[in-house]
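Please look at the sequence and the structure below, and keep both in view while reading. The report goes through a few parts of the fold in turn.

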Amino acid sequence: MAKCYPIFGSKAAADLCNPDEWIDLFLSCTPDGVSIINMEDRFIRINHLFSVIFGYTEEDVIGRKIYDLPAPFCINGILTEVKSGKAFTNLITQRQHKDGRLLDIAVSYSPFLNATGEIIAVLAIYRDITKELNMERELKRTRELYKLISENTSDFIKVYSRDKTILYASPSHEKALGFSPEELQGMHVLDVIHEGEQESLNRMSKNLHESGEPQLIQLKMKTKDNKVFYSETTVSPVYNDKMEIDSYVTVGRNITERVENDAALRNLDRLSIIGQLAAGVGHEIRNPLTALKGFTKLLKTSNPSDKQAEYLSIITDELDRIDIIVNEFMSLAKPQAIHFEQGNLISILESTINVLRPQAMLDNVQVTIKYPKEDNLELLCSPNQLKQVFVNILKNAIESMPNGGNVSISLRKLKNKRVVISFKDEGPGIDNDLLQYLGTPFYTTKDKGIGLGLTVSNKIIQEHNGKMKIDSHQGKGTTVKIELECL
């Protein structure tokens, strides 16, 4: 080994070192597994990483032929070609670990030359790429699975960018919209949404960015021939490596039939309610009309000065009662154009309390209100109608405590830009069996009520995109909760 410079560089460098030390240094410093195989196909050297990758120690392999190890440790015919001077780089193969596991290995073979340029061995370098290939296989399998689902589902699957440009659309869109997936790619989301839905889409986008959570939205979609159908869609954000929203994935379905069925059911409910209202109005008005007829006859037959003032007073009261019944009925049954404007919830509540404070003081009722930390509870509403609801609820609470008590009003903000207003009294409460009938037209627990107050109130709250719930327990009072949307 006096002349080693063909392998290790210049003659001067070879004279300054021991070639075996260079080999040891190379084998210990390389990041890959290495083996040197002589011309008889026997292992003569391996490094530490070879043992790490394959589990074999020097005692296991040195002196053994490469073919003695479990197949397929070497590709047939490769060594013969390398010993004739050919090199192979980054062959992707599978090799067996000592414990029987199959590994994905990138292997390179090179002829090993002596000082005279004679091939004396084969240098094999191994890199374990099992983890990377498994990730690629899993990614490929997942992509194929997603592709299979998106191409065969009836749901509408879309991916669109931050600027709402459609990047992908499932084939199911073609049947519903008339656009092929290729046509949809590059279009703007608004191109397939009904013109009147842009505000809803913007509001959904704002909520999604603020919460970072998927949003469910119902939209009117526009087909290629300008027909309309209803879609219920879940929009989910897709984040980049900087945890910024990069794009959106939407999964929607055609709910036109459901919307039409709901509309039909609402019409049936409306007809049923109208029937109940008609029967109730007839029943409620019949009683004062009977009294009016009776006292009118008495006025005709009696002495004009005898009890005339008393009879006229009763007639006036009954006429007022008919007027109240008709007005309540008209406010419930007659469609009204509601003008919404920006209003402050706390101001509306305080105005309501001021209206009813004299009645509360006469009945020895204390009204308290607890505000949240922020006092800018602005909402889009009809202030007068909301005041009508709050007056009705607060009046009911006061009248439920003829011997005095406390009514507490509290406001609580929710995470989704909604607020809950709670009215809690200390009255006798309502039996569970009767609670289910509250809000039914002409059902009332009051001696002089006509049973339309809560029905009208519930209608107003629904028109404000809100909810109303009544909880009551006998002996523990009643709590009315109203949920509304803030700006």
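## Helix α13 and its neighbours

In this predicted model, the buried residues of helix α13 are L345, I346, I348, L349, T352, I353, L356 and A360. The buried residues of this helix pack against the strands β11 (341–344), β12, β13, β14 and β15, and also against the helix α14.

The 18 residues of α13 should span 26 Å at 1.5 Å a residue, and the end C-alpha atoms are 26 Å apart, which agrees. Just after α13 comes N364, which takes a positive phi of about 60°.

## The cap at the start of α13

Which residue caps the N-terminal end of α13? That residue is N344, with a side-chain oxygen that lies 3.0 Å from the backbone nitrogen of I346. N344 itself has its place in strand β11. With a relative accessible area of 18%, N344 is buried, because the cut-off for that word is under 20%.

## The largest nonpolar core

In soluble globular proteins, nonpolar side chains tend to be buried together. The largest nonpolar core of this model has 35 residues, and of these L345, F390, I421 and I482 touch the most other members. Several elements give two or more residues to this core, among them α13 (345–362), α14 (383–399), β15 (418–424) and β17 (477–485).

What does F390 touch, if residues up to four places away in sequence are not counted? The contacts of F390 are then L345, I348, L349, T352, F423 and I482. Of these, L345, I348, L349 and T352 are also listed as buried residues in α13.

## V480 in strand β17

V480 has its place in strand β17, and at 9% relative accessibility V480 counts as buried. Leaving out residues up to four places away in sequence, V480 touches I393, I421, S422, F423, M468, K469 and I470. One of these contacts, S422, is 58 residues apart from V480 in sequence, while the two are 5.7 Å apart in space, C-alpha to C-alpha.

## Helix α10

Helix α10 (residues 198–211) has 14 residues, and the distance from its first C-alpha to its last is 20 Å, close to the 20 Å expected at 1.5 Å a residue. Are L201, M204, S205 and L208 buried or exposed in α10? In α10, L201, M204, S205 and L208 are buried. They cover an arc of only 100° around the axis, and therefore they lie on the same side of α10. An α-helix has 3.6 residues a turn, so residues three or four places apart point the same way.

After the helix α10 comes G212, whose phi is positive, near 75°.

D60 lies in helix α5 (residues 58–61). Not counting residues up to four places away in sequence, D60 touches G55 and K98. The residues D60 and K98 are 38 residues apart in sequence and 9.9 Å apart in space, C-alpha to C-alpha. Their side chains make a polar contact, with a distance of 3.1 Å between D60 and K98.

Key. Residues numbered from 1 in each chain as written. Predicted model: local features only at pLDDT ≥ 70, side-chain atom pairs only at ≥ 80, totals over all residues. Heavy atoms only, no water. Core = buried A, V, L, I, M, F, W, Y, C linked by side-chain atoms within 4.5 Å. Buried < 20%, exposed > 50% of the residue type's maximum accessible area, 1.4 Å probe, protein only. Helix = DSSP H or I, 4+ residues; strand = E, 2+ residues; numbered from the N terminus. Contact = heavy atoms within 4.5 Å. Expected span 1.5 Å × (residues − 1). Polar contact = N/O pair within 3.5 Å; in protein donor to acceptor, adjacent residues only side chain to side chain. Arc of directions from axis to C-beta.
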